[in-house]
Amino acid sequence: MSFTPNIVGFACQWCTYAGADLAGNLRAKYPPSVKLIKVPCSGRVKPEYVLEAFARGADGVLVGGCHFGDCHYKDGNYKTKNRTDMLSQLLEDMGFDPRRFRQEWISGAEGQKFAQVITEFTEELQELGPNPLGGQE
Amino acid sequence: MADKVKVGFLLLGGCAGCEMAVVDLSEKLVDVLQHIEVVFWAPTAADVKYTDLESMEDGFIDVAFIDGMVRLDEHIHMANVMRKKAKTVIAFGVCAALGGTAGMGSLHDKNDLFEKAFKNTPTTDNPDGVFPQPQCLVDGKYDLTLPAYEDKVRTLNQIIDVDYYIGGCPPHHDHVAAAVTALLTGNMPPKGSWITNGKAVCDVCERNPAGKENGQGRAMVNQILRTIEGEPDKEICLLQQGYLCFGPITQGDCGGLCLKVNIPCRGCGGPIPGNHDYGAQALSTIGSIIKNEEITHQLMEKYPNLAKFFYRYALPSGTLPRRM
């Protein structure tokens, strides 16, 4: 039996969160696997939040931000990119599958893309199985 | 005698460097000794046995300094005994507080570590591949035991309740003096705090470009260099030269000593207040001052293991405290 993964999604309020909103308005279909957390900017997501989510049993973590050049704060998403690249490597160095961690650029106009990303990510996590760290629930 | 503060020192899995820092108080130690009485100092300085500690009445020691990380069942046992006997427990030095460099051992399993330590190092002569065993019968009659090896490194506060933390590898003796003075005068922060001046290494570093009038200003990191690739300029901020330094997020009770001898900070002082995962914060900080993605990838190529780089002193205290 495939399971429904638990994805913690950090969504920038200016783009990915609006994109998720649009996905709803468009009646786009995607699995009910993501728990979105609205953040002021993807650059606000501390790597610690991602690690904490995994430590507490999230099967996947998604950080959604604006496309390059679109950041409301000019360069927040460039910082996100620097961090997420290193964080993926860090997870791998710690023996944790970095495929569970994903970073996507989804604008407020890309409702379909949001639905598609969640669908793909959910399918990938279903193949990977539950988070080996278990978690609390 | 009676009103002297009773102090105990206990070394767990460490190098005793923190205790050297106490000895390094030198003349100050002579002054301090008028106010304190060392009732226990093992297994290093004093001729006492663990059983001496066990036979003390509970709460006998006023202040216990425990240094070193927790790796053996003996460490767990002794930490618990010390907690019972001491009114105040201080995690003394970065090993006890965050795990220390030995904490990186948690990224390997026991076999890896034993193979390396007792077999594969060039200076080891062990043709029979003998590894330490918790129990061993010698000559058929001597039943010898060694402390058992736990599967991961732990910090002191993962074993017992800790009242205060002091960072540093080892803590600078001036910092130890300040901490002891604070203790004796009762001028202590709330329980659970780090004893620190609360300033980052950058704050006490002479290279800090912020606020200087030489027009240097702050700049993004636009190349990555390691100290093996050359000698950094002695005046300019190491980060701006491309040598990655953890000064911005590390407590500067050391006075920026490493920076004075051209060595980048690696974070032994512990995290500045308000931060719970040192390595994640280091990654975040470095990530936000790197100029672009290309330089980030340069970093990832030059540092083959980011977990060991960012969590040099703090892996066991991290959110993911070991190899998963």
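Helix α3 of chain A passes helix α12 of chain B in a right-handed crossing (right-handed when the near helix is turned clockwise from the far one by less than a right angle, left-handed when anticlockwise). This is a predicted model, where local features need pLDDT of at least 70, side-chain atom pairs count only at pLDDT 80 or more, and totals for chains, interfaces and linings use all residues. Residues are numbered from 1 along each chain as its sequence is written, with chains lettered from A and ligands numbered from 1 in the order in which they are written.

The axes of α3(A) and α12(B) (residues 293-302) come within 9 Å and cross at roughly 20°; axes here are lines fitted to C-alpha atoms, for helices over the stretch in contact, with angles from 0 to 180 degrees between N-to-C directions. The two helices are therefore roughly parallel (angles under 35 degrees). On the α3(A) side, the contact uses A:K81, A:N82, A:D85, A:M86 and A:Q89, and α12(B) brings in B:E293, B:T296 and B:M300. Contact means C-beta atoms, placed from the backbone, within 7 Å. Helices are DSSP runs (H or I, at least four residues), numbered from the N terminus.

Zooming out to the whole interface, 23 residues of chain A are in contact with 22 residues of chain B. On the chain A side, α2 (47-55) and α3 (76-93) are the elements giving two or more residues, and α3(A) supplies the largest share, 11 residues. That side splits into 12 nonpolar, 3 polar and 8 charged residues (nonpolar: Ala, Val, Leu, Ile, Met, Phe, Trp, Tyr, Cys and Pro; charged: Asp, Glu, Lys and Arg; polar: the others, Gly among them).

Technical notes: Contact = placed C-beta atoms within 7 Å. Parallel < 35°, antiparallel > 145°, perpendicular 65-115°, else oblique.
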